Amino acid sequence: DKQQSSNMINEVLLGDELDLNGHECENKCDDSEATTRTLASDIDKIRERLKERPVWERNPDLCNHVLDNILPTWWKDFWDPDKLNNPWRKIMKRIAKELNECEPCISHVRDLVQSWDEETTILDLGSGFGICSMLLSELLPSSKVNAIWLIDKQWPSHGQSPKAHHISIDHIHGRSWPIPLQTRKVDLKKGRECRQLRKYGLLQGKLLFIGIHLCKALSVHAIKFYQSENADALILKPCCLPGAKALFAPNETSGRSTPIQYNFHHGYSFRPLDIYEQVRVTKELSETDQGEIESMEGTNLQGRKKRFQMTNFSTNQLFDRWVLELSSAVNDGRSDVVLRKFNIQPHHFQNQYIFCQLIRT
């Protein structure tokens, strides 16, 4: 396998230089061989990392296709030994984890796009660096997808140069992608920014939303965005459970904290606090407050240190309940909703995906 991969990598890198003659060919071949050894060693490292993850057994064909056909071209476009922060370094560091996590999404997206007659616009919500979208651009038929939008609040605004806290756009705009990749600075928690995507004509054709590894309340806002746009499909992989800040909000009138409640257009609602069926709070008490507070509801929490201790359920069980609430929230009678578990991280709870497809009559 390694020898076959090296031969394929040689073909990608050397190209027409194989037809050159004489001393010039010898020099170029020597340089290319040194380059190939560097690329081959990187690919071998990534291969070993992938073999340690469940995706290698789940979808070996995809893994080998990425290793043999996609990554060598990315290496050629992005590797620059003179740049400490060149995109290839980030790709090499993240690709095994990202492919392992994105593979269920990639497989489902390929099936959906092939089944639709109309061209598709894909929105990668909370895209981060964008490896999932980069892979989709390489794997999907360009005739079926008109654009992939990478949506994240950490992108620089359109027309502005990235600042230190922004995600670099060099890897997105620095090469030609089979399916165009576009970045858009959007905070999913701000409905006005989400609505502007429609206002400026960015949402055309079939709409497919993906949200991989969305932390805490971002999954809720992804569902609301999906429902408000009547998008054709949503693939959601929730991440972290809501923490302390996501359970309560201050009430400006009473000055007391009240539980946060998420409301959806079809009347469904839930409170993150309810997921924790029994919650205890231990905190540093003031001189006037003694003993433990058994319930947080209606308690003034401002300025106090607090810690949550789940007494009845393991983290796995709590996460199951969180995902079930999200599934119920997205199931508004207009969508076919399927909840599936994949072996992403052995002995870990973040292995669930929600697949939604709008039923158009």
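Contact here means heavy atoms within 4.5 Å. With that in hand, take Leu71: leaving out residues up to four places away in sequence, Leu71 touches Ile43, Ile46, Val66, Trp88, Ile91 and Ile95. Bear in mind that this is a predicted model. The chain runs to 361 residues, of which 46% count as buried, and has 11 helices and 13 strands. Looking at contacts between residues at least 6 apart in sequence, 69% join residues at least 24 apart.

**The nonpolar cores**

- The largest nonpolar core holds 56 residues, and Leu71, Trp74, Val109, Met134, Leu135 and Leu208 are the ones with the most contacts inside it.
- Helix H5 gives the most to this core, putting in 12 residues.
- There's also a second, separate core of 44 residues, with Trp149, Phe225, Leu234 and Phe270 among its members.
- As background, nonpolar side chains in soluble globular proteins tend to be buried together.

**H5 against H6**

- Two packed helices are described by the angle between their axes and the distance between the axes.
- For H5 (residues 87-115) and H6 (residues 131-139), the angle is about 55° and the axes are 8 Å apart.
- The crossing of H5 past H6 is right-handed.
- On the H5 side, the residues in contact are Ile91, Arg94, Ile95, Glu98, Leu99, Cys102, Cys105, Ile106, Val109 and Arg110, and they meet Ile131, Cys132, Met134, Leu135, Leu136 and Leu139 of H6.
- By class, the H5–H6 contact comes out as 13 nonpolar residues, three charged and no polar.
- H6 itself is mostly covered, with eight of its nine residues buried: Ile131, Cys132, Ser133, Met134, Leu135, Leu136, Ser137 and Leu139.

**H9 against H11**

- The axes of H9 and H11 (residues 315-330) cross at roughly 15° and come within 10 Å.
- Since angles under 35 degrees count as roughly parallel, H9 is roughly parallel to H11.
- This crossing of H9 and H11 is right-handed.
- H9 brings Ser219, Val220, Ile223, Tyr226 and Gln227 to the contact, while H11 brings Trp322, Leu326, Ala329 and Val330.
- Sorted by class, the H9–H11 contact has seven nonpolar residues, two polar and no charged.

**Gln227, a polar residue to look at**

- Gln227 sits in helix H9 (residues 218-228).
- The cut-off for buried is under 20% relative accessible area, so Gln227, at 5%, is buried.
- Setting aside neighbours within four places in sequence, Gln227 is in contact with Phe264, His265, His266, Ala329, Val330, Asp332 and Arg334.

- Lys206 belongs to strand S4 (residues 206-214).
- With a relative accessible area of 19%, Lys206 counts as buried, given that the cut-off is under 20%.
- Apart from neighbours within four places in sequence, Lys206 is in contact with Trp116, Glu118, Glu119, Thr120, Thr121 and Asp232.

Methods. Residues are numbered from 1 along each chain as its sequence is written. This is a predicted model: local features need pLDDT of at least 70, side-chain atom pairs count only at pLDDT 80 or more; totals for chains, interfaces and linings use all residues. Side-chain values use heavy atoms; hydrogens and water are left out. Axes are lines fitted to C-alpha atoms, for helices over the stretch in contact, and angles run from 0 to 180 degrees between N-to-C directions. Helices (H or I, at least four residues) and strands (E, at least two) are DSSP runs, numbered from the N terminus. A crossing is left-handed if the near helix is turned anticlockwise from the far one by less than a right angle, and right-handed if clockwise. Ala, Val, Leu, Ile, Met, Phe, Trp, Tyr, Cys and Pro count as nonpolar, Asp, Glu, Lys and Arg as charged, and the others, Gly among them, as polar. A nonpolar core is a set of buried Ala, Val, Leu, Ile, Met, Phe, Trp, Tyr and Cys residues joined through side-chain atoms within 4.5 Å. Buried means under 20% relative accessible area, exposed over 50%, partly exposed in between (1.4 Å probe, protein chains only). Angles under 35 degrees count as roughly parallel, over 145 as roughly antiparallel, 65 to 115 as roughly perpendicular and the rest as oblique.
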